[in-house]
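User: I'm new to reading protein structures. Could you walk me through one, feature by feature?

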Amino acid sequence: MAKKPKKPEGEMDEAEEGEAPAGGGKKKLIMMAGAGLMVALLGGGGWFFFLKKKPEPAQAQPAEVAKPVAFVDLPDMTVNLSVGQDRPQYLRVKVALEVTDAKVADQIKPIMPRVVDAFQLYLREMRPSDIEGSAGIFRLRDELTRRVNTAVHPARVNAVLFREIVVQ
């Protein structure tokens, strides 16, 4: 095979003028087609997520209506605190019981003396240091809730709510 003599730079064959260098043309074509495909995919994805109408729900689910709770007020209680030989200190408490509905409140009212007795017995053993700060009040609330649920056993009290607490 004989080598072709090199031509000067200015001279090119007519067949070589319209062609790109070997191998470079196919790469450019593949890259252009890939870029066009990416633009089409991104455009379709954008339309799908942002512009497509969302289907309306067939029926709106009705929000579950919360049952109104009922409250049972206890009579005001004043008890001596356990302080030893010092001058006496008193605790005055106004309490309400939170129950699930009025039916449970009607079950509790006839046995109210039992509830008051359970509260009085527990509160008389309290010391002033037992109810200091919010942590002491939370412990008192938890213990009174436990005791009232024991006293009204078939019924259930959700919470003991303090309306007033005074230590003198």
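User: Let's start with one side chain. Is Arg92 buried, partly exposed or exposed?

Analyst: Keep in mind that this is a predicted model. Arg92 is partly exposed, with a relative accessible area of 34%.

User: And which residue does Arg92 form a salt bridge with?

Analyst: Here's the general idea: side chains of opposite charge can pair when their charged atoms come close. In this case the partner is Glu164, and the closest N and O atoms are 3.6 Å apart. Glu164 sits in strand β4 and Arg92 in strand β3, so the pair ties together parts that are 72 residues apart in sequence. Glu164 is partly exposed too, at 24% relative accessible area.

User: What other salt bridge does Glu164 form?

Analyst: Glu164 also meets Lys94, at 3.3 Å from N to O. Lys94 is in strand β3 and Glu164 in strand β4, so this pair links parts 70 residues apart in sequence.

User: Now the inside. Which residues touch the most other members of the largest nonpolar core?

Analyst: In soluble globular proteins, nonpolar side chains tend to be buried together. Here the largest nonpolar core has 31 residues, and Leu97, Ile108, Val115 and Phe119 touch the most other members. Helix α4 gives the largest share of this core, six residues.

User: What is Phe119 in contact with, leaving aside its neighbours within four places in sequence?

Analyst: Phe119's contacts beyond those neighbours include Leu74, Met77, Val95 and Leu97, and also Leu144, Val148 and Val160.

User: Which residues of α4 are buried?

Analyst: They are Met112, Val115, Val116, Ala118, Phe119, Tyr122 and Leu123. These cover an arc of only 160° around the axis, so they're on the same side of α4. On the other side, Pro113, Arg114 and Leu121 are exposed.

User: What do the buried residues of α4 pack against?

Analyst: They pack against β1, β2, β3, α3, α5 and β4.

Note on methods:
Residues are numbered from 1 along each chain as its sequence is written. This is a predicted model: local features need pLDDT of at least 70, side-chain atom pairs count only at pLDDT 80 or more; totals for chains, interfaces and linings use all residues. Side-chain values use heavy atoms; hydrogens and water are left out. A nonpolar core is a set of buried Ala, Val, Leu, Ile, Met, Phe, Trp, Tyr and Cys residues joined through side-chain atoms within 4.5 Å. Buried means under 20% relative accessible area, exposed over 50%, partly exposed in between (1.4 Å probe, protein chains only). Helices (H or I, at least four residues) and strands (E, at least two) are DSSP runs, numbered from the N terminus. Contact means heavy atoms within 4.5 Å. The arc is that of the directions from the helix axis to the C-beta atoms. A salt bridge is a side-chain nitrogen of Lys or Arg within 4 Å of a carboxyl oxygen of Asp or Glu.
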